[in-house]
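Work through the exercises below with the sequence and the model open. Each task is followed by a solution in steps.

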Amino acid sequence: MEQRVLGRTGRQVGVVGLGAWQLGADWGEVSEADALATLNAAVDAGTTLIDTADVYGDGRSEKIIGKLIKERPGLTVATKMGRRVQQTPDAYTLDNFRAWTDRSRANLGVDTLDLVQLHCPPSAVFETDEVFDALDTLVAEGRVAAYGVSVETVAEALTAIARPGVASVQIILNAFRLKPLDEVLPAAEKAGVGIIARVPLASGLLSGKYGPQTVFTEDDHRNFNRQGEAFDVGETFSGVEYGVGLQAVERLRGLVPEGMTLAQFALRWIIDQPGVSVVIPGARNAGQAEANAAAAQFPPLPAETHDAVRQVYDDLIRPQVHHRW
C-alpha cells in the first residue's frame, strides 16, 4: 500500500487506515472476535494506522486494539479524548488530559500514545493557549508522542493548523463534503500538518448499499442521530438528508470505473486529494476491511471524473449543507 507521512508525527502510514468506532458502539453490536478479525484483515491488507477514541464503547474499542498491537507491533494507533465529559471549555485542563491519556494508555497497554487527538471539542478550545500548552506538556512527559485535533468545521481546522504543535487534523471529507478542499487541505499541506479524512463513506451512504426502505437498528446512530439528537449531525450521513444522499449516490454510480465498487471509488476519490495523509473508513467485518484497503491499489481517478463528482455535489449537496461546517 502507498505510504504517506502523517504530518508532524513524522510517521509513515498506509493511505487507507481503519476507523474503529464500529468496534466500540453506536453501529450495532460487533463481537470481540469479529472486531479482532476485522482489525487483522485490515493489517494483512496493508493498513498501518488505526483510529479510535476513549469514548467508543467507553474504552472497549481501545482495549480490543490493545490486544491486536500486542500481536502486531509497528502499527500507529491514533486515539481521541474529551468526549466522556460534559462539553464545556473548562474541562480541557492539564489534569484532565493526564487522567484521560493515562486511561487510554492502560486500555491500549502502551507507555506512550502514538497520537492523541482532541475529540471535536467546543470551538473555544481551539482558541485557548493553555490547552495547547497542556498538550505540549503531555509530549514532554512522554505520555503522548504527538497530538492532533478532530474538528467539525473548516474554521476550527484552520485555527488548529496555525498551532505549531498540532501534528494532524481529522476532518470529515468525502464526495458529499467538499468544503475542506478549498482551504483546509492547502493550509495543512503548506504547514506540514497531516490530514486524516474521516466519515469517508458518509456513514455508509457512499457504499451504495442502502435504499429508501433500509432500516437501521435502534442502537445505530444512523437511526437515532439523523437530526443531530445525540451528537453533531455531520457525523451521520455527513449531515446530508438521507433522501438527497440516495439521489446523489445514484448519479455517482455512473462514474465508477469497471472493477471498482462504489465504496472503493469514494475512497480513491479521497486518496487523490492533495494534502490527504490517510483515509479512515470503518468496517464491521474482515471482508469490508479488505475491500476498503484495496481502494489504494487502483490508479488515481481521471480529472474529468473529479469534475463530475463536484458537479453532483454542486447540484444536490451544496444547496443543502454548504452553509454549515
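**Exercise 1.** Count the aromatic pairs and classify the one formed by F216 and Y242.

Solution. Rings of Phe, Tyr and Trp (its six-membered ring) pair if their centres lie within 6.5 Å; the count by this rule is 11 aromatic pairs. Planes under 30 degrees apart are stacked, over 60 edge-to-face, and the rest tilted. For F216 and Y242 the centres are 6.3 Å apart and the planes stand at 85 degrees, so this pair is edge-to-face. It joins distant parts of the chain, 26 residues apart: F216 is in the loop between β9 (194-198) and α8, Y242 in helix α9 (residues 242-253). Helices (H or I, at least four residues) and strands (E, at least two) are DSSP runs, numbered from the N terminus. Both F216 and Y242 are buried, that is, under 20% relative accessible area, where over 50% is exposed and in between is partly exposed (1.4 Å probe, protein chains only).

The model is predicted: local features need pLDDT of at least 70, side-chain atom pairs count only at pLDDT 80 or more, and totals for chains, interfaces and linings use all residues. Residues are numbered from 1 along each chain as its sequence is written, and side-chain values use heavy atoms, without hydrogens and water.
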